[in-house]
Amino acid sequence: MLVTGKEILNDAHEKGYAVGAFNVNNMEQVHAIIEAAEETKSPVIIQASQGGLKYAGVEYIAAMAKVAAKNSSVPVAIHLDHGTDFKQIMMCLRNGFTSVMIDASHYELDENIRKTKQIADMAHAVGVSVEAELGKIGGVEDDIAVDEREATFTDPDEAERFVRETGVDYLAIAVGTAHGPYKGEPKLDFDRIKLIKERLNMPLVLHGSSGVPEESIKKAVKLGINKINIDTDIRMAFHKAVKEFIKENPDVYDPRKIVGPAKKAMKEVIAEKMRMFGSESRA
Ligand code: G3H
Ligand code: 13P
Ligand code: ZN
Ligand code: NA
């Protein structure tokens with residue numbers, strides 16, 4: 001069933017577990033996510049990035065995700081990931097997204113607050129939940145100095161002010177994760193997660209979660225993370241399965257046969273994440 005992001009994440013916050021937010025660009029990914037959610041009885045968030053919307057189109061993404069939600073027995077939210085563009089956010093609202101992220105984290109604090117509040121007021125007026133980002137969650141960078149790295153982390157005082165003044169429903173925080181694959185092992189600032197959770201007492205979001213070891217994920221969930229974004233690990237499962245299939249069956253040209261095993265591989269990765277995050281049997 002289709003629900004708002006807030007319905008899913010408030011339950012996760014109250015009960016102390018996390019829900020996976022998985023990026024989609026095509027039908028096979030939507031199928032993989034919804035099948036994994038049904039199998040594990042997990043609530044789930046289907047999300048589309050800027051790149052995803054550009055590739056598939058907002059109407060296609062929304063239509064596929066809505067069919068998945070309508071036919072499912074588990075709660076499903078449809079979310080815009082890293083929204084930056086006012087018009088695009090409006091298009092998502094019009095097309096039935098039940099959650100949107102406004103990412104104005106690259107602006108200085110006052111401007112981030114101003115832009116975020118504008119979107120939050122509008123989305124809330126039509127019953128749609130809102131995520132925002134404070135601090136900077138980048139891509140994987142090599143050789144960045146420790147103090148430089150920490151300067152990009154979310155400040156708990158600023159976070160309190162940010163949430164009070166914008167009214168967002170959940171907050172993405174920068175605590176050491178990065179988008180894409182990691183070169184070494186990511187080092188998360190667990191004390192910061194704990195402190196921000198105590199100060200805000202609301203659902204928190206972890207971006208860049210592909211490649212983060214299971215132990216770190218579980219610790220982060222225990223300390224207060226409730227939404228966990230996964231894109232890269234799904235892409236890698238897809239890539240590996242397609243590569244293997246073509247290597248073993250170089251003459252098969254039926255697209256269904258080529259991407260069928262990839263769909264199954266994505267589903268397995270997603271179901272494993274759901275169990276790891278603690279969302280199993282919460283639906
Ligand atoms: O936010 C990050 C997504 O993993 C990347 O998105 O679809 O724009 O490449 P993309
Ligand atoms: P990964 O690239 O680590 O999967 O992160 C995805 C993400 O945060 C999408 O918003
Ligand atoms: Zn992200
Ligand atoms: Na990552």
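Trainee: Is Ser210 buried or exposed, and how should I read its relative accessible area?

Mentor: A residue counts as buried when its relative accessible area is under 20%. In this predicted model, Ser210 has a relative accessible area of 4% and is therefore buried, and Gly208, with a relative accessible area of 8%, is buried as well.

Trainee: Which residues lie around ligand 1, and how many of them are nonpolar, polar or charged?

Mentor: The shell consists of Ser49, Gly51, Gly52, Asp81, His82, His179, Asp231 and Arg235; by class it has five polar and three charged residues, and no nonpolar ones.

Trainee: Which atoms of Ser49, Gly51 and Arg235 lie by an oxygen atom of ligand 1?

Mentor: A polar contact is a pair of N or O atoms within 3.5 Å. A polar side-chain atom of Ser49 lies 2.6 Å from a ligand 1 oxygen, and one of Arg235 lies 3.1 Å from an oxygen atom of that ligand, whereas Gly51 places a backbone N or O atom 3.2 Å from an oxygen of ligand 1. Of the 310 Å² of accessible area that ligand 1 has on its own, the protein covers 67%, and the elements giving two or more residues to its shell are helix 3 (50-56) and strand 3 (76-83).

Technical notes. Residues are numbered from 1 along each chain as its sequence is written. Chains are lettered from A and ligands numbered from 1 in the order in which they are written. This is a predicted model: local features need pLDDT of at least 70, side-chain atom pairs count only at pLDDT 80 or more; totals for chains, interfaces and linings use all residues. Side-chain values use heavy atoms; hydrogens and water are left out. A residue is near a molecule or strand if one of its heavy atoms lies within 4 Å of it. A polar contact is a pair of N or O atoms within 3.5 Å; within protein, one must be able to donate a hydrogen and the other to accept it, and residues adjacent in sequence count only if both atoms are side-chain atoms. Accessible areas come from the Shrake-Rupley method with a 1.4 Å probe; for residues, only the protein chains shown count as cover. Helices (H or I, at least four residues) and strands (E, at least two) are DSSP runs, numbered from the N terminus. Ala, Val, Leu, Ile, Met, Phe, Trp, Tyr, Cys and Pro count as nonpolar, Asp, Glu, Lys and Arg as charged, and the others, Gly among them, as polar. Buried means under 20% relative accessible area, exposed over 50%, partly exposed in between (1.4 Å probe, protein chains only).
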